[in-house]
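This report walks through a few connected parts of one structure, taking a helix pair, a sheet and a single loop residue in turn. Please keep the sequence and the model in view while reading.

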Amino acid sequence: MTISLNINNQQVEIAASPTVTLMAALRQAGFFSVRFGSDDGQTGAAAVLIDGQLVNSDTMLAGQAIGHHIETVEGLTERVGELHPIQKAFIETGAIQSGYSTPAMILTAKALIARNPSPTEADVREALSGILCRETGYVKPVEAVLRAAAYLRGEDVPPYDGPQIVDASYFVEHPPADNGDDMDSPELAGGSQQPTTTQTKPQTDIELKSGVPETAVVGKSETKVDAIKLAKGNPAFVDDIEMRGMLYAKLLTSPHAHANILDIDDSEAVALPGVRAVIHYKNIERVKYASGGQSYPNPPPYDQVSFDTKVRYVGDRVAAVAADTLEIAEAALKLIKVDYEVLPAVFDENEAIKPGAPIIHDEEDTLDIHDASRNIVHHIEAELGDVEQGFAESDHVFERTYYVHQVQQAPIEPHIAISWWDEDERLVIRTSTQVPFHTRRMVAPLLGLPVRQIRVIKPRIGGGFGVKQEMLLEDIVGHLTIKTGRPVRMELTRSEEFRSSRTRHPQSVTWKTGVMADGTLHSQQYKMVANTGAYGSHGLTVQTVSGLRGLSSYNCPNREFDCIVAYTNIPVPGAYRGYGAPQALFALENHMDEIAYELGMDPIEFRRKNWVQAGDPLSIAPLLGEGEKETVVDVPYIESCGLNECFEQGMKAIEWERKYQPGWHEVPGKPHVRRGLGAAMCMHGTAIPGLDMGGASIKMNDDGSFNVLVGATDLGTGSDTVLGQMAAEVLGVPLADILMYSSDTDMTPFDVGAYASSTTYISGTAVKKAAEQVAEQIKERAALMLELDTWDDIRLENKQAVAPDGRSVSLEKIALHSLHQEDQRQIMANASYVSAASPPPFAGQFAEVEVDTETGQVTVTKLVMAVDAGVPINPLTASGQVEGGMVQALGYGHCEEMAYDETGNLINDEFGPYHIYRADEMPWMKAILVQTNEPTGPFGAKAIAEIPKDGVAPALANAIFDATGVRIRSIPFTPQRVYAELKTI
């Protein structure tokens, strides 16, 4: 059957039934800008224009569109290189991160501007409210639509202003021999209303401005190298390919939280016409593995197999089907008969480790579980000094317990993978992953193939945030391709993404802190019971990072970390942006505020008195390396820190001094509403020292341009752009002369992947080193052409090699000379990098809230984050990371929560019931980049991608306390929870 649709002013014949969704029909016709986010229209990713009106094509039948005019982003321009003004505005403002939902946003803007040529910001936010974005924080998309409207009105639009960047003063110092001397701290915003404090004075204090040299490309807000294809909706993502004979896979999952599988009967499913394979524990070899995408050897335990005889949570794997169509595959799942022996289940981490709790891993072939009989996966311990003696010596001791909950990363693009045999009979897996090289290594033994016979390709990815730092679907599609010999596609539904992918670890946390009379921290004990769900994926490393972040942020002579990681029967937690730090800092920064209040000290002054600064050691780092690996041997020292400037700038932006003004906490005309301000200090890390490695290869082309090949994985963060800027800076060319290739295990050098905030620092250094080698070869060739005896003083700039005497030769002529004319050779180089250092970025996070004391409703009105990430290589993409991260963190602290019934069944496995912020719900936000020069980083850079997740939740807690006097020690701050706490006073 065929249908005829009018698409972008052309009549298109499509071989499809009128009863398929319009999204399916459009994608079948090659309009790949229309993308799947959910089946119910909640994401808006499949939005198109029907007769000029915005419509969700995933909830509309194709037959309903017959006779109407359909518009997709592909129709906005006709020629290669051409951009519509809306697309141009989105590119200029940096409104595109992964770009997965960008076409829907652009069509939304088109419809809005057509009916309202001069929209207000509120108009834009309302229009965009139907398009969920997990990445941008909506700040730059709103600016893009307003800018596009100005273009379409014919106005002269000035160049786009980038983010605010301030230069920080900081200290670079040697390890202090004595920390007993004090020096005055800089004055804070608010002047005399703020008390003064003291700081530790280093042995050697060399006060420097950040000392960042002038650069041509680095440090500039360059357009993203992938912006045009994303703005135009070009095929870029995993699903944007067509393969002849492709099969569709579906996963059968457990309806029980804990059960043994006594038998599976797949005979009826296998007999269904169109079914090509059914796989489960009976026909797939039992090979133990750990699914977390981490460096070799993966941290233990290896507690998973592709298909097991036991299920451990609702959503666990039972079987998979490959069929000619998705509908046949779904029908086949219903024909598989599974005989379950339902077992008792346990969901709370504290209950799971009690005697008599159901044993979740009782199999004999899983090794390295700390105590399987008590569901204890790991017991992590670290101590510096003598904590108990420290408590005895302290003038005050405070002990509080906190709880952080389970949330889902919720990328708009769910997990998807496609596999096939190539012409050389090698298995190719095209997958939405953050870790292509880890995935290849990990999937090989499961499939019974050598690594050399597998190629993993990561195209553009529609959001990751850690959930795709996992080998999740690749073994399933691989098994099915091996069984059938045909390409196999598997994509999770939104419900499956919630239930069967990965989440954030819940934790029960107790902080005990001893403080001296003057407010100096003297002893800290950090105890935790963490919930790793049914499997130990990332269970060891996330909690280790929690301990490291919690016990490194402030100076204290006595510190202890005591952590139990527990199995339970909830869906599996894994990696999520921040990786243990958001949990740690929610509790810690709440705790620090409580201590300051009870001591009668200003909370920021109390922090300032104790927080780490440049020259301070991170003494506990060697005891809390990457899991059980000794990645840190020597005690590292902080070499750059802009915390003072972060807090000064953040306090100015949020107008911190208002909280000291009489009556400010009251809202005029609303006696039941109270206002409050809160703050939190954030400290993160940059890569995993001694472990993370990235490689780069650069070759020169005939015209003087360069191909840069990296294994690094761009998730929409702009890492391809940032790495290209570094290469361009060294080679003296514009970014347009750098062609980036990334994330293909056959074609690009090795890289650990996108996690641990490592790409700019690790992969960037590799690119810089390779570019420096290429630059030397270019200079040598220039000296030959200019008949110079040495090339030491030749410089590369403006696409020229310039000699000290002023003569120059173009890079194009150098390339042609090297390839064709004399002493021919290919100018190229490879480099790799692993760092012993992990320089911490720092930030000050600030929040303003209004609390309705009659309902418990918390409205977040302002968020400000000032971040020291060293030198921002691309300020536009860096600020986008801060804005987007703050909004994810806002959901974590305020409204997102996975809710279960008594059987362990997730009851809010869709957007709406699981609420993420929309464009029209956003607070006013500001991101400030505080520039320091990190000596160990490429061009002075440190990490920025994860730290925005760390501080919003505690800042909200502290703001709610400032507004109401009520201290809430668990998140999220839902009306029910806040109201219940308000009733206690």
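Is the crossing of H3 and H4 left-handed or right-handed? The model examined here is predicted, and in it the crossing of H3 and H4 is right-handed.

## The pair H3 and H4

Helix H3 and helix H4, the latter made of residues 121–128, pack with their axes 10 Å apart and at an angle of about 130 degrees. That angle makes H3 oblique to H4, since angles over 145 degrees would count as roughly antiparallel and those from 65 to 115 as roughly perpendicular.

On the H3 side the residues that take part are Met-105, Thr-108, Leu-112 and Arg-115, and they meet Asp-123, Val-124, Ala-127 and Leu-128 in H4. The spacing along such a helix can be read against a general rule: an α-helix has 3.6 residues a turn, so residues three or four places apart point the same way.

## The five-stranded sheet

Five strands form an open sheet in the order E2-E1-E5-E3-E4, and their pairing is mixed. Strand E2 (10–14) and strand E4 (53–56) stand at the edges, and because each has a single partner strand, one side of each is left without a neighbour in the sheet. On average, and with direction ignored, neighbouring strands of this sheet are turned by 45 degrees against each other.

At one end of the order, strand E1, residues 3–7, runs antiparallel to E2 and is joined to it by five bridges; Ile-7 has Gln-10 in E2 as its bridge partner. Helix H3 (residues 102–115) packs on the sheet, where it touches strand E3 (47–50), E4 and strand E5 (69–71), and the direction of H3 makes about 30 degrees with that of E3.

## Strand E3 and its neighbours

Strand E3 is covered on both faces, with Ala-47 and Leu-49 buried on one side and Val-48 and Ile-50 buried on the other. Four bridges pair E3 with E4 in the antiparallel sense, and Ile-50 stands opposite Gln-53 in E4. The hairpin of these two strands has two residues between them, and Asp-51 in this hairpin takes a positive phi near 50 degrees.

E3 also runs antiparallel to E5, to which it is joined by two bridges. Leu-49, one of the buried residues of E3, has Glu-71 in E5 as its bridge partner.

## Helix H2

In helix H2, which spans residues 85–92, the buried residues are Ile-86, Gln-87, Ala-89, Phe-90 and Ile-91. The buried residues of H2 pack against H3, and also against helix H5 (139–152) and helix H6 (227–231). After H2 comes Gly-94, whose phi is positive and near 70 degrees.

## Glu-921 in its loop

Where does Glu-921 lie? Its place is in the loop between helix H21 (875–894) and strand E37 (924–931). Glu-921 has a relative accessible area of 26% and is therefore partly exposed, because a residue counts as buried under 20% and as exposed over 50%.

When residues up to four places away in sequence are not counted, Glu-921 touches His-915 and Ile-916. The side chain of Glu-921 also reaches the backbone nitrogen of Arg-918, at 2.9 Å. Although Glu-921 and Arg-125 are 796 residues apart in sequence, their C-alpha atoms are 8.3 Å apart in space.

Definitions and conventions
Residues numbered from 1 in each chain as written. Predicted model: local features only at pLDDT ≥ 70, side-chain atom pairs only at ≥ 80, totals over all residues. Heavy atoms only, no water. Pairing = 2+ DSSP bridges. Axes fitted to C-alpha atoms, helices over the stretch in contact; angles between N-to-C directions. Contact = heavy atoms within 4.5 Å. Buried < 20%, exposed > 50% of the residue type's maximum accessible area, 1.4 Å probe, protein only. Polar contact = N/O pair within 3.5 Å; in protein donor to acceptor, adjacent residues only side chain to side chain. Parallel < 35°, antiparallel > 145°, perpendicular 65-115°, else oblique. Left-handed = near helix turned anticlockwise from the far one by under 90°.
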